[in-house]
Amino acid sequence: MEPAGQRNDTIALSRNALAGLVNAIKLDGFAVFGPTVRDGAIVYDHLDSLEDLPIGVTDKLAPGHYRLAPREDHALFGHHVGPHSLRREFLIPVATLFRARRTPQGFAQIEEPPPARKLALFGVRPCDLAAVAIQDRVLLNDAYRDTDYAARRHGVLVIAANCTQAGGTCFCASMNTGPEARAGFDLALTELDDDTIVCTIGSDVGRALVQRVEHVPASDQLLERARLLLNDAATHMGRTMDPHGLRDLLATTLEHPRWDDIASRCLGCANCTLSCPTCFCTSMEDMTSLDGTEASRLRRWDSCFTVAFSYVHGGAVRPSLKARYRQWLTHKLGSWHDQFGSSGCVGCGRCITWCPVGIDLTEEITALRQPGGS
Amino acid sequence: MEDLQRVLREHHFLKGLSDDHIHLVVGCTKNMRFKKSEYLLREGAASGTFYLLREGQVSLEAYVSGKGVMRLETVEPGDVLGVSWAFPPSRAHLDARALEPVLAFAVDGACLHAKMEADPALGYALMKPLLEATYARLERSRLQGLDVYRTGV
Amino acid sequence: MHPVVPQPTPITRVTKELSDTFSIHLDVSARGFSYRPGQFNMLYLFGVGEVPISISGDREQGQELVHTIRAVGGVTRPMRTLKTGDFVGLRGPYGTYWPMEEAHGKDLLIAAGGLGLAPLRPAIVHALTHRDRYRRVIVLYGARSPDELLFLKEVERWRGRMDTEVAVTVDHAGDDWFGHVGVVTALVPRATFEAKDTVAFVCGPEVMIRFTVRELERRGVSREAIWVSMERSMKCAIGHCGHCQYGSHFVCKDGPVYRFDRLAPIFHVREV
């Protein structure tokens, strides 16, 4: 992908043209995934057409609170983020990493073709794209490469949807990941009204794609409208968090009394880790077929909130809830910097929304910044 | 006597003492040899002697009915033995047995005690290494009590 | 191929070490295998699971690898039934290693507790093979009781060398044991070494490491000269699964061997 955002890289589309774009993508053999309403939530799922987007639906987000609500308009992208992130598509919840058959020489691997699927992400959020880049750093660009993840990530077409409004638990502006996508997309859409979409071209693939539908260069006036909407979203985040100095803060507050306070509220349910778009912890499970001739190894999502997660012979390293919450937050916002050179948080707010008791990490950080014992 | 003074001041336990203080200790000290398996201390017995080990290994033991002899620690040249002397009723709380021929300075507790009472500076000079040795043994006992190599039950 | 796929590897020999501890010798001649003392491998029992096991030795220039295993878990217990001619899955080596060259020209002090001798054995063997690179070599080894002393014959051979100081102690013993009784830390003040010019490698249970480091510091060895091997839950060994995190470290790739001063900020914090 090449740098985008130049004047001639920004076009305007009608909604009809956008519907045509979805069809063009499908014609190219892509399975299209994007936000859609299912079971009372907006999730990333299969899209047949533009009509499958959550048209005229929004989501009300607050700590421990998520409800859908109708909108007064027919916006395609008038919502925020649901419980699912893109993690489900790449670091899939359960993956088979290895299968083998018992042989006289021990065992022989049963070779399987890597997962191949032409995937197009349509209408995905900037925070979620930022999260994919963070997971790429862990699973693709570290010393070892997760080949299952790599195969699923390969050749994915990305049509991002910039956020023109912020949700009650959103703080991407604090984490510098939104509300406008800056990288990692082929096209990025900014919906101005029910029939006007400004589209930033992010790659040659994206440029070729828009040639197949009717479009005009984006006028200065439209660009200005888009800029105002994105600015408005950035300045109306439901939450804010000062990201500066978090690495040092969390490295030096391991004994802060606030951790006890959080532990008194936290249920240890692991919702925060399961809804987080960057959490990458997994377990490996080995098993055999019933007759014992075949074995497989599964990689399954795991969570540092379980006691068993840190188990070494003799006992768990982090038996207390306090230690497990501390592990999660210090890793996400602190030691991630040491490990991977960035924060592990993109400010999507899911951990706040989906916490059954509404623990808000932005508030906890504020509290941890106060001197211990206060 | 001068010879004893010379070797005594080389003992690890007395390293911090002045010549004058060493001289006072010499007056209460004699050389003793123990054969292998001979007891330096017996649990429960009155123990008026404080040993500074010079040669040979000594085992601190407790006899546990049904289990036999439990060896709690071995002490080595440079270590001290018989700290129970310092506190009434001055009875040994463990057996101390020579595991090999042992050479030790045996310090008469009553003699030393009288000199320490008379000269608090000497008392302090001796209590310092005594506390240090006792504390080190306490630390070791604590680590031993943690039983760190025990595997999951 | 996914990096967690193990390679079937034949077992040439299984030796019983202690009542619950055994060593399996693996023939790796088919692929060639090089490792550094202190590194570990993942051993896979078909369909049962996989465990991180430090490499406790090798023979014939890395043609045969030794892994010493204590049967305490769901994978290591069934591993007790392995015998010559069986296969295990192998992948590795992983992790950091004992920095032998740090001790060149200095006194090398090695303190092991319990099964902690296993990952140190290759370091000791290496040091004794290249004995002239070091000044004094001191091995301090503590175990729970006389019948839980690992590699006893070999330890006796090391002890027999005139150029090496070896002291062995057990926490508990009966009347039939003629060696030291007491914790391994008690051996530190008795050992002969030049504290300012010593490099120490320490491996054992975490509490043993804590007490030993303190004793070494008391003798005047600096934290920068003390290397320790940490144990955490290692599942993938490639820094992906998150289980072995210890502060900002992934013990599987940033460890298990650490210079102590680098762990100091979190070493005494509970439940990190």
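Modeller: Of the two pairs of chains in contact, where contact means heavy atoms within 4.5 Å, chains A and C share the most contacts. Chains A and B, by contrast, do not touch, and their nearest C-alpha atoms are 5 Å apart. Please keep in mind that this is a predicted model, in which local features need pLDDT of at least 70 and side-chain atom pairs count only at pLDDT 80 or more, while totals for chains, interfaces and linings use all residues. Residues are numbered from 1 along each chain as its sequence is written, chains are lettered from A and ligands numbered from 1 in the order in which they are written, and side-chain values use heavy atoms, with hydrogens and water left out.

A search of the whole structure finds 23 aromatic pairs over all chains; rings of Phe, Tyr and Trp (its six-membered ring) pair if their centres lie within 6.5 Å, and planes under 30 degrees apart count as stacked, over 60 as edge-to-face and the rest as tilted. A:Phe98 and C:Tyr44 have ring centres 5.7 Å apart and planes at 75°, so they form an edge-to-face pair. Because A:Phe98 lies in strand β6 (residues 94-103) of chain A and C:Tyr44 in strand β3 (residues 40-45) of chain C, this pair joins two chains. Helices (H or I, at least four residues) and strands (E, at least two) are DSSP runs, numbered from the N terminus. A:Phe98 is buried at 1% relative accessible area, and C:Tyr44 is buried at 0%; buried means under 20%, exposed over 50% and partly exposed in between, with a 1.4 Å probe and protein chains only. Ring pairs also link A:Phe98, A:Phe107, C:Tyr44 and C:Phe46 into a cluster.

Next come the cysteines. The structure holds one disulfide over all chains, a disulfide being a pair of cysteine sulfur atoms within 2.5 Å. In chain B, B:Cys28 and B:Cys111 form it, with their sulfur atoms 1.9 Å apart, and it is left-handed, with -70° about the S-S bond. The pair links distant parts of the chain, 83 residues apart, since B:Cys28 sits in the loop between α2 (19-26) and β1 (29-34) of chain B and B:Cys111 in helix α3 (residues 109-118) of chain B. B:Cys28 is buried at 5% relative accessibility, whereas B:Cys111 is partly exposed at 24%.
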